[in-house]
Amino acid sequence: MNDDKTLRFYELFEKLASATQIVNQKPDIPLVESLLNEISAMLRLSKGVTRIYRNPAQEERDEGETMISYDTGIQGVPVHTVRFVTNLMSIATMTVYMSPDEPPLSETELSRVDLTMRTALTFISRNRLQVIAEELAFFDDMGYRNIRSFFNYITWNAQPGKLDGMVSLNYNLRHFSLVNEEIGHDLGDKVMRAHYEGVTQICGKRGIVSRLGGDSFVCFCEQRCLQELLEYLNESAVVYSEQGDSLTVSARAGVFVVPDGFEVHDINDIMGKIMQAYKIARGGEKGHIVYYDDELIADRERAKRIAQRFPDALKNGEFKVFYQPKVNTVTGEICGGEALSRWFRKGRIIPPSDFISVLEESSDICKLDFYVLETVCANIRKWLDEGRNVVRISVNLSRRHMLNDRLLERIIGIIEKYRVPHKYIEIELTETTTDVEFRDLQRVVCGLQAQNIYTSVDDFGMGYSSLNLIRVIPWNVLKVDRCFLPLDDEESTSVRSIMFRHVVAMTKEMGLECIVEGVETPAQLNVLKENSCEQAQGFLFDRPLPVEEFEKRLDMQRYPIDF
Ligand code: C2E
Ligand code: MG
Ligand code: MG
């Protein structure tokens, strides 16, 4: 090689060395590429191939990542390879090729090729490894963005106003273990992936979606896309195969709408809120989508206090059973009573609406219900012993009991303990939403029937009424909810009036007893009478009463019913 060429090589190599040695700045890749091209041409090479293997096993299987750093398109044979192990324990190799028509490399040329390759490979692997390291840091092993990338996003948007117009969510896919069971883990992964892609698309460029783990995700999206996102989360058909197989996926979510000018001091300013809201959404009492707000949190605090105080309150007799009479609309006689709980605390009465839903979040409600049943049985025993007029008393049982497969024994045990004839007890149960609950309900109702204990559907018409519920399960009584009861001046042609008439007629025709709840006015009572509905419960006659008051009603001849 002549001196000119030598000079030119060192000139280029010096530039290459300096361009590749900048550590803390963004490298000038096009410059490096053009220098490499020039040196390679000068050394008569036809192609340069770099491979990065993440571990020796990958190298053995030759599954590395390939990068072409120089290519003339001329067929060549390998003439030199360099290989080294990086400090991240991955392996980098570079092989250069030369056309067989070219004279072989001289010793000097080979040493220059080697020098250039080592310089280039160090540079390429360092840059590539940085990307790999970022991938490892910000994506989990299934390729989902991870929590660190979500935190990073928040940190980058911490200044006031940067998150204006955004909303953050924590959502969990529902029943995903069932999906895995149904179609297997591999397809389950595909469903989850496809769902994630769907959410990622809605969240768009300004947003982000990360997986916390399992089937739990967090995301940011623009407020204007929230509606679309919620619809997607609520229910979406997710296609998971090329043949178009799909599955319906739904999620529960906690939502935090970021107020304008919001400043993030701590990651928890966002994470804490969406996770708290999600926790409530998971319970289901407040719906599948729960928005974070301060009132919600105050509500939660209150619920926590109620749950904490409950065990002592029950032990200390703070719960009292009140009785609301049920009245025969033809004779005015008292024909039954419903037991309803009241919590006496520091001279105040806490109504069920404040504590039942909280107790239903755990099995505490079951303890209360058994306590009420026991009190009712003790009272009936006392009335029987006193020779009083005794009527059938209904007790509300939460759906929570359905999980208890010893429920029947427990109920019978309490009733028998007080030697109460079964005909005096009625169990009120509310409608169910799922098939599993439906089967449990059917089992319980049939079991009670076999013991001659009355059963009633409470609040019929509210929530998820299903005619199947009364077709399949052999109830004794149907309690029509007051939402079906026409208002005082309501036309008889209103939808409510029509439905009321038909529900009452259907109940009677099916041979069930029918009672209407929430009768407040004489006009409403007349509607019952006109429709031959023989039982009523409501403020028109009495509110739920303390036991001593109720005893007076038992002794009373009859309520006036001709208003
Ligand atoms: P429910 O079983 O449907 O009970 C009837 C509710 O309607 C009672 O409310 C009663 O006071 C109210 N009510 C009766 N007549 C009228 C009326 O004319 N107008 C109006 N506006 N309301 C009327 P309460 O006692 O507040 O109980 C609410 C719910 O709490 C009950 O609804 C029941 O689902 C639940 N609950 C009460 N005590 C217990 C209990 O010991 N265990 C369980 N599991 N649930 C209970
Ligand atoms: Mg009830
Ligand atoms: Mg009711």
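Analyst: In this predicted model, the buried residues of helix 2 are Val32, Leu35, Leu36, Ile39, Ser40 and Met42. They lie on the same side of helix 2, because the arc they cover around the axis is only 160°. In general, residues three or four places apart in an α-helix point the same way, since there are 3.6 residues a turn. The cover over the buried residues of helix 2 includes helix 1 (3-21), strand 2 (65-71) and helix 4 (107-138).

Helix 2 itself comprises 14 residues, 29-42. From its first C-alpha to its last, helix 2 reaches 20 Å, close to the 20 Å expected at 1.5 Å a residue. Arginine 44 follows helix 2 and has a positive phi, near 65°.

As to the metal site, the magnesium ion (ligand 2) is coordinated at 2.1 to 2.2 Å by Glu338 (OE), Asn396 (OD1), Glu428 (OE) and Asp458 (OD). The spacing of these donor residues in sequence is E-x57-N-x31-E-x29-D. A distance of 3.8 Å separates the magnesium ion (ligand 2) from the magnesium ion (ligand 3), and aspartate 458 coordinates both. Glutamate 428 belongs to strand 16 (residues 425-430) and aspartate 458 to strand 17 (residues 454-460), so the pair ties together parts that are 30 residues apart in sequence. Both glutamate 428 and aspartate 458 are buried.

How values were computed: Residues are numbered from 1 along each chain as its sequence is written. Chains are lettered from A and ligands numbered from 1 in the order in which they are written. This is a predicted model: local features need pLDDT of at least 70, side-chain atom pairs count only at pLDDT 80 or more; totals for chains, interfaces and linings use all residues. Side-chain values use heavy atoms; hydrogens and water are left out. Helices (H or I, at least four residues) and strands (E, at least two) are DSSP runs, numbered from the N terminus. The expected span of a helix is 1.5 Å times one less than its number of residues. Buried means under 20% relative accessible area, exposed over 50%, partly exposed in between (1.4 Å probe, protein chains only). The arc is that of the directions from the helix axis to the C-beta atoms. Contact means heavy atoms within 4.5 Å. Donors are N, O and S atoms within 2.8 Å of the metal (3.2 Å for Na, K and Ca); water is not among the atoms, so sites may look incomplete.
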